[in-house]
Amino acid sequence: MVKFSRELEAQLIPEWKDAFVNYRELKKLVKKIKISLHSRSDSDAADPSNKDIPDFGISIFDSFRALAAGLFSASSRSHGELPVPVDEDSAEEEVPVQSREEEEISFFNKLEIELEKVNKFYEAKEREFCERGEALNKQLQILVDLKKILDEHHRRRQQRRCSSPNHGVFLDLLNSTSSFSDRTSEISDSATSPDISEEVISALERNGISFVGSTRSKAKKGTKPKAATMRIDIPATNATKTISAITSMVWEDLVNGARKEGDFGGGGGDYISRKKIQCAEKMIRGAFVELYRGLGLLKTYSSLNLIAFTKILKKYDKVSKNLESSCYLKKVKRSHFVNSDKVVKLVDDVESIFVKYFASNDRKKAMKFLRPNQPKESHVITFFVGLFTGSFGTLFTVYAILAHISGIFSSNIEPGYMETVYPVFSMFALLSLHIFLYGCNLFMWKSSRINYNFIFEFNPNKALKYRDVFLICTSFMTIVVGAMVIHLILRSSNFAPHIVDAIPKTLLMIFLGTLICPFNIIYRSTRYSFLRVMRNIIFSPFYKVLMVDFFMADQLTSQIPLLRYLEFTSCYFIAVGFKIHPYDTCTNSKSYKLLAYIISFLPYYYRAMQCARRYMEEGYDPNHLANAGKYISAMLAAAARWKYALDPTPMWLAIVVITSTLATFYQLYWDFVKDWGLLNLHSKNLFLRDELVLRHKCIYYFSLALNFVLRLAWVETVLRLNMGFLENRLVDFTLASLEIIRRGHWNFYRLENEHLNNVGKFRAVKVVPLPFRDME
């Protein structure tokens, strides 16, 4: 039977762990009470005159304890020794043992502190969710009113198109998240449909949006109309919205420069479009889903704490045999976190609202959004992982034997196996290694209770589990090694070169075809999510940067050798298609070398652009600029190494050493301090941080040393050790593999630090921005 402490540890919300009742500490206090009771009963047994103390039961281990105590005391007397050796120093500092009454007082004081902590946290979260619910209700009412007005306006515009072509509801509702102080929304006094304008004003004023520029306020206050105080915030999450936000900003600057005070002529505004309404509706729907999820977590928090209090009081009652525990249990059940029904009512309200407005009165459809079914883990996947692992090992052994027999690694005058086929299969091998390490990361994150799905904003129903990742990795490598064996057999059998070269080409086409396959097979949701993330990275200045975007861009900075292999492979097959000499074209041409240089710094450029975007969006935090500086230093170091490879002079060697050293220490500082949160000089754990997920501190010290050593891999490119062609290729592949291993090792601690930041802020639910905002 699983102990309740372990069961509680497995079910509690990781981000709210510190807010739960400290069950282990209370359990220790109960054990202390039990020990004090046993020690008192032993003293009563030794002193028969003490009859007024009740007996609290007999343990099956009492006879063994008594026998051990008797043997130990007899042995001590026979040798003239004391049972417990006491020196003079320790005798002065001896801590008196607490009595039963003192232990019970300590227990109930701790119980009171824990109950107060749980109540305060529950009340704070309940208040937060209730306020969020009220704000969402207002947002929803504005949305409903605007949709009705838009439909009515569209109908009237169809009727009046011939007589009034300029007729329209003219609102300056801006679709940008940028905080421009002069951006407001207006109602045009020159609008040709005052009835519609009044509908807009009245609908929004009912929801607390004050339009001081309306005809109503002008009639009441007798003042000149001013700009209205509402705007629509549609986040610039993609390239189109970002360009629209920039255009809108420039356009408003031009309009504001030419506009006079009180001029409400018709320039500079945007129509309320259905597209904006659809974006606002999507944002409000996502906010309701997150609110519902948060309410579910709060209900789980309440029920688990009630069970924990009940369990610990039952344990105390079993030990002490008095009525205080039952009285205190009644107090717990009268507490706010147990009796409050606000959360239950709000859950019912959210369900009814979601069914009515977002699911067309279809409750089953609404519940698919609000309560998605959790997929069950299948052991069939584990079976196939083992099957493909065994197949991979067998095929790799066959390949090694055939390669040794055929002597393919010997260098010839003509470009041989290592020059043409090696880059293709090396690319697949590095990719498989990265996938394998990602599977290891998922396993470690799950074992450590790190909520990676919440951090990456993954859908738990569609996100890959570590078994799925291992299945992809093993099956992929089995196919690759099988293709290598077939390619080697055909090459040794003197088949036509175009047939032999078709093997790696076919393998590459199968991989790309599977990646973009539109059918719902082979983890389509994951494949399309990967493609969306890659699109966001490539156009990183124009897309909103999420955690998964810059995390994946960091992975690309460790896959520069893979990108170079991909460049060579694409160039080689294209050159073969055009019937030109492929090897010379893809190694000696200036355009190829320039493209290789561009590929070397593109991942760093993407990350620098992401940092710049986050700097603009997240309150101009200088840390983002400092992070961008890290990637710019890496680009400068890569440029210096590329130039040194073309012109190996002492001057360029010195530049390479200086730039690479500065970039390396810059990266190491950011790894240890910013990304991992370590090297805290004031931490209770020497050179680490106060909160650690892993139990053994030595693992962190080893990780610091390992990351330091692997960051110095660039030294090999400067030393240029005198080795043969084959050895150089193997060294390059080994260094590329070590960099991927370093990145997989870095991934765990990066997400551990992010998780601990969420825990420190009790952040377990995503805060979705709301579209309608009052400027005042």
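**Salt bridges and a surface patch**

Reply: The structure, a predicted model, holds 21 salt bridges.

Me: What makes the contact of E128 and K125 a salt bridge?

Reply: The side chains of E128 and K125 meet with N and O 3.4 Å apart. The cut-off is a Lys or Arg side-chain nitrogen within 4 Å of a carboxyl oxygen of Asp or Glu, so the pair of E128 and K125 qualifies as a salt bridge. Both residues lie in helix α5 (residues 100-160), and because they are 3 residues apart, about one helical turn separates them.

Me: Why is K125 called buried, and why is E128 called partly exposed?

Reply: K125 has a relative accessibility of 10%. Buried means under 20%, so K125 counts as buried. E128 has a relative accessible area of 39%; partly exposed covers the range between buried and exposed, the latter being over 50%, so E128 is partly exposed.

Me: How do you know that E351 and R363 form a salt bridge, and where in the chain do they lie?

Reply: The closest N and O atoms of E351 and R363 are 2.9 Å apart, and the limit is 4 Å, so the pair is a salt bridge. This pair links distant parts of the chain, with E351 in helix α12 (residues 342-358) and R363 in helix α13 (residues 363-370), 12 residues apart. E351 counts as buried at 6% relative accessibility, whereas R363 counts as partly exposed at 45%.

Me: What makes R750 and D675 a salt bridge, and are these residues buried or exposed?

Reply: Their closest N and O atoms are 3.7 Å apart, which is within 4 Å, so R750 and D675 form a salt bridge. The pair links distant parts of the chain: R750 belongs to helix α29 (residues 725-760) and D675 to helix α26 (residues 650-675), 75 residues apart. R750 has a relative accessible area of 10% and D675 one of 8%; buried means under 20%, so R750 and D675 are buried.

Me: Which residues are linked in a network of salt bridges?

Reply: The network links D671, R711, E739 and R742.

Me: Why can Y701 belong to a nonpolar surface patch?

Reply: Y701, in helix α27 (residues 697-710), is partly exposed with a relative accessible area of 32%. Patch residues need over 30%, so Y701 passes that cut-off. Together with L679, L681, L686 and F687, Y701 makes a nonpolar patch of about 490 Å².

Notes:
Residues numbered from 1 in each chain as written. Predicted model: local features only at pLDDT ≥ 70, side-chain atom pairs only at ≥ 80, totals over all residues. Heavy atoms only, no water. Patch = residues over 30% accessible without salt bridge, like charges linked within 9 Å, V, L, I, M, F, W, Y side chains within 5 Å. Areas by Shrake-Rupley, 256 points an atom, 1.4 Å probe, with all protein chains shown as cover. Helix = DSSP H or I, 4+ residues; strand = E, 2+ residues; numbered from the N terminus. Buried < 20%, exposed > 50% of the residue type's maximum accessible area, 1.4 Å probe, protein only.
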